[in-house]
Amino acid sequence: MTEVQAEGLYFCLENRIVYVRETEIMLTVKEFDIFALLIMNPRRVLTYDMIIDLVWHEDLDY
């Protein structure tokens, strides 16, 4: 399982669970996907466009 535990934070990728100080944080699907992307890529700068591409997997024109 892919789990991260640090300073009151518990994150489980497979079960899509986030706890902060033993309180479950309810996230939407996209919120969890963005959080997972950020937590699984520490010390890496992700631009807005990269996040859009990696989370939505669509070609969006604004």
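**Questions on a predicted protein chain**

The protein chain has 2 helices and 4 strands; helices (H or I, at least four residues) and strands (E, at least two) are DSSP runs, numbered from the N terminus. This is a predicted model, in which local features need pLDDT of at least 70, side-chain atom pairs count only at pLDDT 80 or more, and totals for chains, interfaces and linings use all residues. Residues are numbered from 1 along each chain as its sequence is written, and side-chain values use heavy atoms, with hydrogens and water left out.

Student: Of the 62 residues of the protein chain, what percentage count as buried?

Tutor: Buried means under 20% relative accessible area, exposed over 50%, and partly exposed in between (1.4 Å probe, protein chains only). Of the 62 residues, the share that counts as buried is 18%.

Student: Which residues are buried in H1?

Tutor: Helix H1 covers residues 29–39. Its buried residues pack against strand S1 (3–6), S2, S3 and helix H2 (48–56), where contact means heavy atoms within 4.5 Å. The buried residues of H1 are Phe32, Ala36, Leu37 and Ile39.

Student: Which side chains meet in a salt bridge?

Tutor: A salt bridge is a side-chain nitrogen of Lys or Arg within 4 Å of a carboxyl oxygen of Asp or Glu. A search of the whole structure finds 1 salt bridge. At 2.8 Å, N to O, its partners are Arg16 and Asp33.

Student: How many residues apart in sequence are the parts that this pair ties together?

Tutor: The salt bridge joins the side chains of Arg16 and Asp33. Arg16 lies in the loop between strand S2 (9–12) and strand S3 (17–20) and Asp33 in helix H1, so the pair ties together parts whose separation in sequence is 17 residues.

Student: Which residues form a nonpolar patch on the surface?

Tutor: Patches are made of residues with over 30% relative accessible area and no salt bridge; nonpolar side chains (Val, Leu, Ile, Met, Phe, Trp, Tyr) are joined within 5 Å, and like charges within 9 Å. Ile25, in the loop between strand S4 (23–24) and H1, has 33% relative accessibility. With about 190 Å² of accessible area together (Shrake-Rupley method, 1.4 Å probe), the patch is formed by Val20, Ile25 and Leu27.
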